[in-house]
Amino acid sequence: MRRYVIGRLGQAVLVLWAAYTLSFLVLDFLPGDPVSAMAGGGLDQASVDPAQLEALKREYGFDKPVLVQYADYLGRALRGDLGNSVATGQPVTTTIGDALPQTLALTGAALLLAVVFGTGLALAATYTSTRTLRQLLLSLPALGVSLPTFWVGLMLVQLFSFRFHLLPAFGNDGLGSLILPAVTLAVPTGALLAQVLAKSLFTALDEPYVQTARAKGVGRVRVHLRHALRNAALPALTIVGLLVGNLLAGSVVVETVFSRNGIGRATVSAVTVQDIPVVQGVVVFGALVFVGVNLAVDLVYPLFDPRIVVATTATRRRSLV
């Protein structure tokens, strides 16, 4: 078990380093100059005072060679310092920290709704014995995945805010303003989870151990929930880890549609003014969350299926022979 945990921790560190390095290289190759934009010249360096431009470049380290900048930024990132925003002058960690609570509330609520909706739909579709109802329920996930997120958000605002006046359309004011954005973000996520879980449940229900349980007289509900669902949960658990990254990416669109102040809107503003330290800080933060969630999922795997640890140990032993 210890080797399994150490191996997953090593992979997590490698993914974080790769995400940081790739984001640095991509942002460095983008056209334009963030220092010129900060000095008020937009993308046109000719309209900016050269002395002011050079002073700002020295202040933010943009006058150094690329490799020196990379080593400097990486060293500071390892100490928890992601630099300062070229637009506001605030530390990047402060910018992310101010926007983080709203995004965490949105993605957490969306993930909860997606798990409840996806699991319930998959259980209902695999439990019902009515063929027409089963086909109808199985077609809902495909519909949910195909709907564009921004279109779902606009339709919910039009229906529940402008027509029935039940929920606020925009802003971050209270629980009511969180419902429509969370539902918007949960629709494609829950639909994908339902697709994966329903397929795994159908496979598990045909396994010999399930047939044995039925032959012993175990009730249908108990077979479905205790025997089949537990073994079908591993693929769905993997998808949940991946969907956290999708939720963070989807928050950019949803926070823009609903005018919510969060990391998504902060990212859009940073990209607009070429605030590279903030963009890179958001990328690193997103990678950190994604890696952390997937690491947690990897560590939970053995609790569902102890054969995973056994398989890892056996593979290592064969490699040493």
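The structure holds three aromatic pairs. The model is predicted, so local features need pLDDT of at least 70 and side-chain atom pairs count only at pLDDT 80 or more, while totals for chains, interfaces and linings use all residues. Residues are numbered from 1 along each chain as its sequence is written, and side-chain values use heavy atoms, with hydrogens and water left out.

Q: Why is the aromatic pair of Tyr20 and Tyr70 called tilted?
A: Rings of Phe, Tyr and Trp (its six-membered ring) pair if their centres lie within 6.5 Å; planes under 30 degrees apart are stacked, over 60 edge-to-face, and the rest tilted. Tyr20 and Tyr70 sit 6.3 Å centre to centre with 45° between the planes, so they pair, and the pair lands in the tilted class.

Q: What makes this a link between distant parts of the chain?
A: Tyr20 is in helix H1 (residues 2-29) and Tyr70 in helix H4 (residues 66-78), 50 residues apart. Helices here are DSSP runs (H or I, at least four residues), strands are E runs of at least two, and both are numbered from the N terminus. The two tyrosines also belong to one aromatic cluster with Phe24 and Tyr73.

Q: How do you know whether Tyr20 is buried or exposed?
A: Buried means under 20% relative accessible area, exposed over 50%, and partly exposed in between (1.4 Å probe, protein chains only). Tyr20 comes in at 6%, so it's buried. Tyr70, at 18%, therefore counts as buried too.

Q: What makes the charged end of Arg220 count as sitting over the ring of Tyr127?
A: The rule wants NZ of Lys or CZ of Arg within 6 Å of the ring centre and within 35 degrees of the ring normal. The charged end of Arg220 is 4.1 Å from the centre of the Tyr127 ring. Arg163 does likewise over Phe164, at 5.9 Å from the ring centre.

Q: Why is the 18-residue set called a nonpolar core?
A: A nonpolar core is a set of buried Ala, Val, Leu, Ile, Met, Phe, Trp, Tyr and Cys residues joined through side-chain atoms within 4.5 Å. The largest one has 18 residues, and those with the most contacts inside it include Ala122, Leu193 and Ala232. Helices H5 (92-127), H8 (176-205), H9 (208-215) and H10 (220-257) each give two or more residues, with H10 supplying the largest share, eight.

Q: Why is His165 called exposed?
A: At 64% relative accessibility, His165 is past the exposed cut-off, so that's the label. His165 lies in the loop between H7 and H8, and its phi is near 55°, a positive value in a residue other than glycine.

Q: What makes Ser259 partly exposed?
A: Its relative accessible area is 31%, so Ser259 falls in the middle class. Ser259 isn't a glycine either, yet has a positive phi of about 50°; it lies in the loop between H10 and helix H11 (263-272).
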